[in-house]
Amino acid sequence: MREPWVVGVSGASGTPYAAAVVRGLLDAGEPVDLIVSRAARLTVLDETGRSFRDAHWADDLGAWLGRDLDGADVRHWTAGDLAAGPSSGSYPVRGMAVVPASTAACAGIAIGLSKDLLQRAAEVNLKERRRVVVVPRETPVTRSHLEHLIALHDAGAVVLPASPGFYGAGAAASATQLVDFVAGKVLDALGVTHTLFHRWAGKLNADRT
């Protein structure tokens with residue numbers, strides 16, 4: 001039985017994190033169900049210059065990820081489809097990552113708003129006690145945002161801010177290496193094997209090549 005990971009992309013800046021997580025899951029041979037919010041489509045366009053269209057999602061996703069999706073087990077659900085598979089707890093999935101997670105998405109998931117399929121799917125995975133990783137990127141944060149993150153934590157989610165560490169590549173790390181570090185931490189939280197960054201080995205000035 002197919003049990004995909006759901007990846008929800010909200011409208012916060014940080015769509016490279018989402019692309020890196022999806023690539024990491026596909027590289028690990030994991031099936032993916034993708035939900036891209038309406039706001040996220042604008043962010044993808046702004047940050048990459050590429051459109052994400054429902055009617056051409058496979059071509060657009062391949063261009064966004066920079067790879068051929070032939071043979072990849074990816075399914076796309078439109079954000080407005082509240083009758084989609086991930087809207088129900090009986091639909092088999094392994095868990096979900098919301099990356100990046102906007103303040104609006106965090107708030108909606110925390111209070112069970114189910115404004116769109118992304119929020120509904122995250123709420124379903126929480127109630128089914130599956131792995132849920134939420135990747136907020138906003139900074140600084142308000143008290144209400146912190147309260148919503150605490151509520152998500154208490155509901156069982158892993159709150160994983162997009163906060164890269166430099167020990168994986170050093171102070172001269174490229175943007176890609178920093179993005180991959182965060183994506184790797186997301187995959188760690190999901191329990192998916194990857195090689196996106198060099199792990200700390202308890203040795204200063206370690207060789208990072």
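Which residue in β5 is the bridge partner of Ala101? In this predicted model, the partner of Ala101 is Pro136 of β5, and another bridge links Met96 to Val132, again in β5. These bridges belong to the pairing of β4 with strand β5 (residues 131-136), which runs in the parallel sense over five bridges. Strand β4 also pairs with strand β1 (residues 5-9), here too in the parallel sense, over four bridges, and in that pairing Trp5 has Gly95 of β4 as its bridge partner. Strand β4 itself, covering residues 95-101, is mostly covered, with seven of its seven residues buried.

Strands of a sheet pair through backbone hydrogen bonds, either parallel or antiparallel. Here the sheet is open and has six strands in the order β3-β2-β1-β4-β5-β6, with parallel pairing. At its edges lie β3 and β6 (158-159), each of which pairs on one side only. Helix α1 packs on this sheet, where α1 touches β1, β2, β3 and β4, and the direction of α1 makes about 165 degrees with that of β1.

The next element to consider is helix α2 (residues 38-48), whose buried residues are Ala40, Arg41, Thr43 and Val44. Because these residues cover an arc of only 165 degrees around the axis, they lie on the same side of α2. On the other side of the helix, Arg38, Leu42 and Asp46 are exposed. Just after α2 comes Gly49, which takes a positive phi of about 80 degrees.

A further packing arrangement involves two other helices. Two packed helices are described by the angle between their axes and the distance between the axes. For helix α4 (residues 103-110) and helix α5 (residues 117-127), the angle is about 45 degrees and the axes are 9 Å apart. The two helices α4 and α5 are therefore oblique to each other, and their crossing is right-handed. On the α4 side, the contact is made by Ala104, Ala105, Gly108 and Ile109, while α5 contributes Leu118, Gln119, Ala122, Glu123 and Leu126.

Notes. Residues numbered from 1 in each chain as written. Predicted model: local features only at pLDDT ≥ 70, side-chain atom pairs only at ≥ 80, totals over all residues. Heavy atoms only, no water. Buried < 20%, exposed > 50% of the residue type's maximum accessible area, 1.4 Å probe, protein only. Pairing = 2+ DSSP bridges. Arc of directions from axis to C-beta. Axes fitted to C-alpha atoms, helices over the stretch in contact; angles between N-to-C directions. Parallel < 35°, antiparallel > 145°, perpendicular 65-115°, else oblique. Left-handed = near helix turned anticlockwise from the far one by under 90°. Contact = heavy atoms within 4.5 Å.
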